Amino acid sequence: MSTATWVTESTRFERNIATSESAWVKWSIIGIAVSFFTLFLLMPLLAVFVEALRKGVGVYFASLVDADALHSIQLTLIAAAIAVPLNLVFGVAAAWAIAKFDFRGKQLLITLIDLPFSVSPVIVGLCYVLVFGANGWFGAWLIEHDLKVIFALPGIVLASIFVTFPFVARELIPLMQAQGREEEEAAIVLGANGWQTFWHVTLPNIKWGLLYGVILCNARAMGEFGAVSVVSGKIRGQTNTMPLHVEILYNEYQFAAAFAVASLLALLALVTLVIKTWVEHRVEQAMKQSTEGASS
């Protein structure tokens with residue numbers, strides 16, 4: 001048997017194994033998946049836009065340009081604009097330390113990075129109130145120096161940072177570990193300093209994973225509710241982010257306005273999803289090109 005024939009038969013055999021289930025099993029699984037997606041994801045998303053536009057486009061845009069709505073949008077963007085770059089710096093530094101160095105306490109650092117995944121955001125908010133609130137550990141000192149953390153922008157930023165800081169680090173750690181240390185060590189041997197090594201060697205290898213982590217971090221920062229709800233005090237027109245503003249409008253039976261702001265959050269989520277898909281496509285292309293280059 002020739003090599004080409006053997007490869008053809010092997011491929012056909014693998015395809016038969018992968019599709020050995022009967023047709024009704026295959027279509028049942030596909031039907032369950034599509035039904036679940038439609039019922040629990042697509043229909044609620046469409047319902048948000050339907051309810052937002054139920055009273056007309058004029059009411060929709062009037063709800064978005066309302067002073068309180070504009071302030072909530074502005075506050076959400078400001079909090080994300082502060083939290084995401086800080087988490088970017090932390091994520092790169094943590095991933096670099098974990099992947100490129102051996103030190104005592106490395107496993108503890110990895111565990112602490114995963115902490116926000118296991119702690120309720122409400123508990124995080126309460127912890128910040130305990131530390132920075134008027135009756136908290138640093139409350140008296142903050143009042144004495146006329147500084148305000150809780151019920152103000154700093155508290156919202158701190159809460160956003162805590163719940164989002166694993167995203168960049170968790171994307172970069174396995175990527176850097178898989179790449180190893182040989183390229184950086186070679187650059188240093190050739191005379192490059194630490195910054196040159198990172199900029200010209202490490203960053204090109206992790207740029208798509210880094211962008212992917214930033215996208216996820218930004219999406220979570222803009223949509224965070226629990227921790228921000230506790231530390232913000234939900235002061236209308238002052239400390240309400242977009243998710244909090246939606247809750248207040250809904251509780252006041254202003255359904256059109258609530259769904260209008262919610263639709264804006266949904267649009268931001270869809271934009272994030274599109275960017276995420278594009279990044280994943282670029283990553284796949286980069287991996288394919290590197291594989292083809294290595295094989296040739």
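This is a predicted model: local features need pLDDT of at least 70, side-chain atom pairs count only at pLDDT 80 or more; totals for chains, interfaces and linings use all residues.
Residues are numbered from 1 along each chain as its sequence is written, and side-chain values use heavy atoms, with hydrogens and water left out.

The protein chain contains 15 helices and zero strands (DSSP runs numbered from the N terminus, helices being H or I of at least four residues and strands E of at least two). Its C-alpha trace spans about 80 × 60 × 30 Å along the principal axes. Of the 296 residues, 35% are buried (under 20% relative accessible area, with exposed over 50% and partly exposed in between, for a 1.4 Å probe and protein chains only). Among contacts (heavy atoms within 4.5 Å) between residues at least 6 apart in sequence, 72% join residues at least 24 apart.

Helix H4 (residues 67-100) packs against helix H5 (residues 106-113) at an angle of about 150°, with the axes 10 Å apart (axes are lines fitted to C-alpha atoms, for helices over the stretch in contact, and angles run from 0 to 180 degrees between N-to-C directions). H4 is therefore roughly antiparallel to H5 (angles over 145 degrees; under 35 is roughly parallel, 65 to 115 roughly perpendicular and the rest oblique). Phe90, Ala94 and Ile98 of H4 and Lys106, Leu109, Ile110 and Ile113 of H5 make the contact. These residues comprise six nonpolar, no polar and one charged (Ala, Val, Leu, Ile, Met, Phe, Trp, Tyr, Cys and Pro count as nonpolar, Asp, Glu, Lys and Arg as charged, and the others, Gly among them, as polar).

For helices H7 (residues 121-132) and H9 (residues 153-164), the packing angle is about 135° and the axes lie 10 Å apart. The arrangement of H7 relative to H9 is therefore oblique. Pro121, Val124, Tyr128 and Phe132 in H7 meet Leu158, Ala159, Phe162 and Val163 in H9. This contact involves eight nonpolar, no polar and no charged residues.

Leu172 is located in helix H10 (residues 166-179) and counts as buried because its relative accessibility is 0%. Beyond neighbours within four places in sequence, Leu172 contacts Gly91, Val92, Ala95, Ile206, Gly209 and Leu210. The C-alpha atoms of Leu172 and Tyr212 are separated by 9.5 Å, the two residues being 40 apart along the chain.
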